[in-house]
Amino acid sequence: MRILQISDPHLVAADAALVRERPALRLLERAVEQAVALHPDLLLITGDLCQDESWGGYVRLRRLLERCVGCAVGVVPGNHDHPMLLDAVLGRRCRTAPADLVVNGVRVILLNSHRSGCSAGWLGDHQLGWLQGRLADAERSALPLLVALHHPPTAIGHPVMDGMNLMDQDAFQALLVPQDALVGVVFGHIHQHWQGCWPARPEVPLLGCPSTLRSFQSVQPCPLDRADDPGARLLVITPDGQLEHQVLRWTTA
């Protein structure tokens, strides 16, 4: 099972617009080219899809995703998103959070950590209750489990980002730590490679993803020494439930 995770493209309605001094649409096209070339089973986009939260921005993303023939697509909203517009435009092409899907024998749960008017994340009691119910599904409990959301479910050691991570992370962690099938938790928001773990499950990686647009100041060294370049993460889950992963980078030129 191969998953390509991309994150934080920050599209806007105008095709040629610069976002944070870079061409958001053109750089996302590069990421989709990576997806087409790598033939993943699942393309996973972990939030901040549309910087201006516009219908036009989501339409541009939908048109790009039409190139990913034969590939499932999962999408979670970020703080720079409008979840209702996202669902309206992308819901027929993608699986949008919250969702519990199985792709090639691997279970992927998508969560919506968007909270209106707030940069930090929040799952809320209703979604946490939904997650608890899904985790109790005996028919899927033996499958390798990957969980995806936008906001980091733990502090990453960044003076700014740690003030806007997942606010109900303790409740989230309490639900996931007992899950023997859990192989990893992946997220966006931080615009950089990052790897950590929960002390109670040191073998389960918590993985932040580079942005397809622009990086923030790195907390950890970039594996490819290209921390400023757009990037993604390739995840491979083996038949015996082992998670392998690597950071991908490409140029802005």
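So, let's start with S215. Leaving out neighbours within four places in sequence, S215 is in contact with H191, A227, D228, D229 and R249, where contact means heavy atoms within 4.5 Å. S215 sits in the loop between β12 (201–208) and β13 (231–237). On naming, helices (H or I, at least four residues) and strands (E, at least two) are DSSP runs, numbered from the N terminus. S215 counts as buried because its relative accessibility is 13%; buried means under 20% relative accessible area, exposed over 50%, partly exposed in between, with a 1.4 Å probe and protein chains only.

Quick housekeeping before I go on. This is a predicted model, so local features need pLDDT of at least 70 and side-chain atom pairs count only at pLDDT 80 or more, while totals for chains, interfaces and linings use all residues. Residues are numbered from 1 along each chain as its sequence is written, and side-chain values use heavy atoms, with hydrogens and water left out.

Next, another loop residue, H158. You'll find H158 between β9 and α5 (169–176). With a relative accessibility of 9%, H158 is buried too. Which residues does H158 contact, leaving aside neighbours within four places in sequence? Those are Q192, Q217 and V219. H158 and L182 are 24 residues apart in sequence, and their C-alpha atoms are 26 Å apart in space.

Now to strand β9 (residues 145–148), where L146 is found. Buried or exposed, what is L146? Buried, because its relative accessible area is 0%. Not counting residues up to four places away in sequence, L146 touches I3, R107, V108, I109, V183, G184, V185, V186 and I237. Then there's W130, 16 residues from L146 along the chain, with 16 Å between the two C-alpha atoms.

S113 is next, in the loop between β8 (106–110) and α4 (124–135). S113 has a relative accessible area of 0%, so S113 is buried. If you skip residues up to four places away in sequence, S113 touches P77, A120, G121, W122, L123, L149, H150, H151 and L166. M167 is 54 residues from S113 along the chain, yet their C-alpha atoms are separated by 9.4 Å.

Over in helix α4 we have Q127. Q127 counts as buried at 9% relative accessibility. Again leaving out residues up to four places away in sequence, Q127 touches P98, L111 and N112. The C-alpha atoms of Q127 and P153 are 15 Å apart, and these two are separated by 26 residues along the chain.

P98 is worth a stop of its own. A cis peptide bond joins A97 and P98, with omega at about 0°. P98 lies in the loop between β6 (95–96) and β7 (99–103).

While we're on backbone, here are two phi values. H10 has phi near 55°, a positive value in a residue other than glycine. H10 sits in the loop between β1 (2–6) and β2 (18–19), and at 0% relative accessibility H10 is buried. D48 also has a positive phi, near 50°, and is not a glycine. D48 lies in the loop between β4 (42–46) and α2, and is buried with a relative accessible area of 2%.

That brings us to helix packing. The axes of α2 (residues 55–65) and α3 (residues 83–90) come within 9 Å and cross at roughly 40°. Axes here are lines fitted to C-alpha atoms, for helices over the stretch in contact, and angles run from 0 to 180 degrees between N-to-C directions. Which residues meet there? From α2 it's W55, Y58, V59, L61, R62 and L65, and from α3 it's L85, L86, A88, V89 and L90. That contact divides into 10 nonpolar residues, no polar and 1 charged. For those classes, Ala, Val, Leu, Ile, Met, Phe, Trp, Tyr, Cys and Pro count as nonpolar, Asp, Glu, Lys and Arg as charged, and the others, Gly among them, as polar.

L11, V12, A14, D15, A17, A24, L25 and R60 line the largest cavity. On a 1 Å grid over the protein atoms alone, a cavity is a set of points where a 1.4 Å probe fits but cannot get out, and lining residues have an atom within 4 Å of a point. That lining splits into 6 nonpolar, no polar and 2 charged residues.

Methods
On a 1 Å grid over the protein atoms alone, a cavity is a set of points where a 1.4 Å probe fits but cannot get out, and a pocket is an open set with protein on both sides within 12 Å along at least five of seven lines; lining residues have an atom within 4 Å of a point.
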